[in-house]
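Dear colleague,

Please find the structure below, handed over for your study.

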Amino acid sequence: MHDIPLNYLYDNNTKEFNDNIHVLYSGNTDEDFMSDIPYSNTVLPYVDYKELYMIYNASDIFCSTSLQDAGPTMINQSMMCGTPVVSFKMGVALDLIDEGVTGYLADMLDFKTIANGIQSYFMLKEKERISKYNESKSNKLEETTSKKDLLSKLESFEIYNNKKN
């Protein structure tokens with residue numbers, strides 16, 4: 001059996017909770033891995049980037065357990081579609097995720113904290129999730145990607161200041 005967050009999540013929740021989870025997995029995988037997932041699941045081996053937004057919009061949460069990606073870009077894409085993200089504390093997740101609001105930051109390589117992040121999101125009432133997410137998402141994106149923010153970062157570079165004079 002693979003040590004995955006979904007096994008921990010399943011083992012530590014009620015049947016009612018578990019019956020409401022369906023896992024959508026995108027990417028190349030083997031049958032052994034998928035057979036270890038305790039939830040009903042669907043595998044999409046390849047998704048064209050033009051269709052990704054439909055998957056994010058249909059999802060309640062996006063879980064990123066990548067360890068070899070400085071982004072990953074999927075975090076940005078998911079958040080732009082309004083889908084909260086559970087990720088390890090790395091890459092853009094540190095900059096974009098507002099802990100407990102737009103997602104959850106899990107300790108590196110700790111599958112229990114990934115499972116806890118998924119569970120904590122689902123424990124919030126739907127209206128509370130949407131309200132908190134929408135308010136925080138616009139603030140966080142403004143703080144990290146606005147023209148004003150980017151210009152202030154550029155002004156800290158000496159080369160920019162020299163050309164400005």
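**Findings**

Please note first that this is a predicted model. I begin with the cysteines. Cys81 is partly exposed, with a relative accessible area of 25%. Cys63 also counts as partly exposed, because its relative accessibility is 31% and that class runs between 20% and 50%. As for disulfides, the structure holds 0 of them.

Cys63 leads on to the largest pocket. The volume of this pocket is about 1200 Å³, and 37 residues form its lining. Those that lie nearest the centre of the pocket are Val23, Leu24, Tyr25, Phe62 and Cys63. Several helices and strands give two or more residues to the lining: α1 (5-11), β1 (22-26), α4 (52-58), β3 (62-64) and α7 (111-123). Which of these elements supplies the largest share of the lining? That share, 5 residues, comes from β1.

The next topic is the aromatic rings. A pair of aromatic rings is described by the distance of the centres and the angle of the planes. The count for this structure is 5 aromatic pairs. In one of them, the ring centres of Phe17 and Phe122 are 6.2 Å apart and the planes stand at 85°; the pair is therefore edge-to-face, since an angle over 60 degrees falls in that class. This pair joins distant parts of the chain, with Phe17 in helix α2 (residues 15-19) and Phe122 in helix α7, 105 residues apart.

Together, Phe17, Tyr121 and Phe122 form one aromatic cluster.

Phe122, by contrast, is partly exposed, with a relative accessible area of 24%.

With kind regards

Methods:
Residues numbered from 1 in each chain as written. Predicted model: local features only at pLDDT ≥ 70, side-chain atom pairs only at ≥ 80, totals over all residues. Heavy atoms only, no water. Disulfide = S-S within 2.5 Å. Buried < 20%, exposed > 50% of the residue type's maximum accessible area, 1.4 Å probe, protein only. 1 Å grid on protein atoms, 1.4 Å probe; cavity = no way out; pocket = protein on both sides within 12 Å on 5 of 7 lines; lining within 4 Å. Points joined across faces, edges and corners; volume = space filled by probe spheres on them. Helix = DSSP H or I, 4+ residues; strand = E, 2+ residues; numbered from the N terminus. Phe/Tyr/Trp six-rings, centres within 6.5 Å; stacked < 30°, edge-to-face > 60°.
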